[in-house]
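I opened the file to look up a few local features and the overall build. My entries follow the order in which I checked things.

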Amino acid sequence: MNKLIPAIVSDIDGVLIRGKSIIPNSDIVVKQLLNCHYTNGEKHNIRIPFYLLTNGGGCTELEKANSLNRIMGSNFKKHHVFLNYTPLRPIMDEYKNKLILICGAGKLTEIAKDCDLKYFYTIDEYSALFDQVPFKDYEKETIKQYETDIKQRNMDLMRNKQIEAVFIVFDPIKWEESIQTISKLVKENKDLPIYVVNNDVTYADYFKLPRLAFGTFTNALISILKKELNINPNIIYYGKPSLNTYKYVETYINKKHDNIGNIYMIGDNPASDIRGANQIGWPSFLVRSGVFRGSENDAQDPGKYVVKDLMDAYNKILQLEGLKVVQ
Ligand SMILES: [Mg+2]
């Protein structure tokens, strides 16, 4: 019987890079994982499947891989990257011939097109064209541009059709437009599926004090719909630490590679990276190079192993799995 091969899934920010700087030695590990073969004493041409799982988004997987390659000098391809909305791709596929609303900051039109969506309004287009927000005037030129963009998508076919799902694929930065519009749609159809891709309530990055993140928007939306309309909205959660996201990644890895044993998760955020890994039963490495700085383990979401950084996690995985780099 063949020995099983491990796979490694790593978070990006706080593990590989912080902002636009490389976390020391992470580039060396990345180069080895993407380019080297390993031996377990039985087989000598093993590749360790290596993937990135981030709650980031607002762009395509290809753009994310390229921007990381520019910072790290690595050779990630788009298939190495799971962004916050990547696990929604098969679901979006089911909406190919239906009308949907796509929300959030970032390059919504590019994302929708890259996901093969044909009939969609971005939140900006919908708010401007259907007059959702009081006291707001849109420039004539802006409206004209939206109309031209929509025409190119053959949206005439969808005239008078109702929106069948809302996909919030990145942090909404225009809360009022989003809440006004989604409230109206939910009022018309209380079962309207609303997909969200990030449940973090705070966001650290370079700010002195953490900022409110995507999760707070979802909480605000739920609270308004409950209080004002007495409706419990049909919100479907994706993104770390949701089980939906981890199951998608696990299924993807097992489909793409034979003989997979342990899937290791490496992350710096206990409530996100580690909680998700613990829920699905992947051995987890909590690193101290990002959000988590504690001297022991995290009390609420403990990693199976706590190490300094990616290099330490990598070396420990090779040791646990009896793997050596083939020179
Ligand atoms: Mg992180």
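Is G267 buried or exposed? I counted 32 C-beta neighbours inside 10 Å, so G267 is buried. The cut-offs: buried needs 20 or more other C-beta atoms within 10 Å of the residue's own, exposed means 12 or fewer, and partly exposed lies in between, with C-beta atoms placed from the backbone.

Before going on I noted the ground rules. This is a predicted model, in which local features need pLDDT of at least 70, side-chain atom pairs count only at pLDDT 80 or more, and totals for chains, interfaces and linings use all residues. Residues are numbered from 1 along each chain as its sequence is written.

**Entry: around G267.** I placed G267 in strand β14. Helices (H or I, at least four residues) and strands (E, at least two) are DSSP runs numbered from the N terminus. Leaving out residues up to four places away in sequence, G267 touches D11, V15, S272, D273, I274 and L286. Contact here means C-beta atoms, placed from the backbone, within 7 Å. I also took the C-alpha separation of G267 and R288, which is 8.9 Å for residues 21 apart along the chain.

**Entry: helix α10.** I then listed the buried residues of α10 (residues 270-280): P270, S272, D273, I274, R275, G276 and A277. Their cover includes α9 (243-256), β14 (260-267) and β15 (284-287). Just after α10, G281 has a positive phi of about 95°.

Entry: I looked for positive phi outside glycine. F135 has a phi of about 60° and sits in the loop between α5 (123-129) and α6 (140-152). F135 is exposed, with 5 other C-beta atoms within 10 Å. For N259 I found phi near 65°, in the loop between α9 and β14. N259 is exposed as well, with 12 other C-beta atoms within 10 Å. Which peptide bond is cis? I found the one from K240 to P241, with omega near 0°. P241 belongs to the loop between β13 (234-237) and α9.

Entry: I traced an open sheet of 5 strands in the order β8-β7-β9-β10-β13, with parallel pairing. Its edge strands are β8 (120-122) and β13, each pairing on one side only. Strands count as paired if DSSP finds at least two bridges between them. Strand β10 (residues 193-196) pairs with β13 over 4 bridges, and Y195 stands opposite I236 in β13. Residues up to four places away aside, Y195 touches L88, A165, V166, F167, I168, I236 and Y238.

**Entry: nonpolar core.** Which members of the largest nonpolar core touch the most others? I get I100, L101, V166, F167 and Y195, out of 79 residues. This core draws at least three residues from each of domain 1 (5-83 + 242-284 + 304-325) and domain 2 (86-237). Such a core joins buried Ala, Val, Leu, Ile, Met, Phe, Trp, Tyr and Cys residues through C-beta atoms within 7 Å. The domain bounds come from an automatic or database domain assignment.

**Entry: whole chain.** I counted 11 helices and 17 strands in the chain. The radius of gyration is 22 Å, close to the 20 Å of the globule rule for 327 residues, so the chain is as compact as a globular protein of that length. The radius is taken over C-alpha atoms, and the rule is 2.2 Å times the number of residues to the power 0.38. Buried residues make up 39% of the 327 residues.

Conventions:
Contact = placed C-beta atoms within 7 Å.
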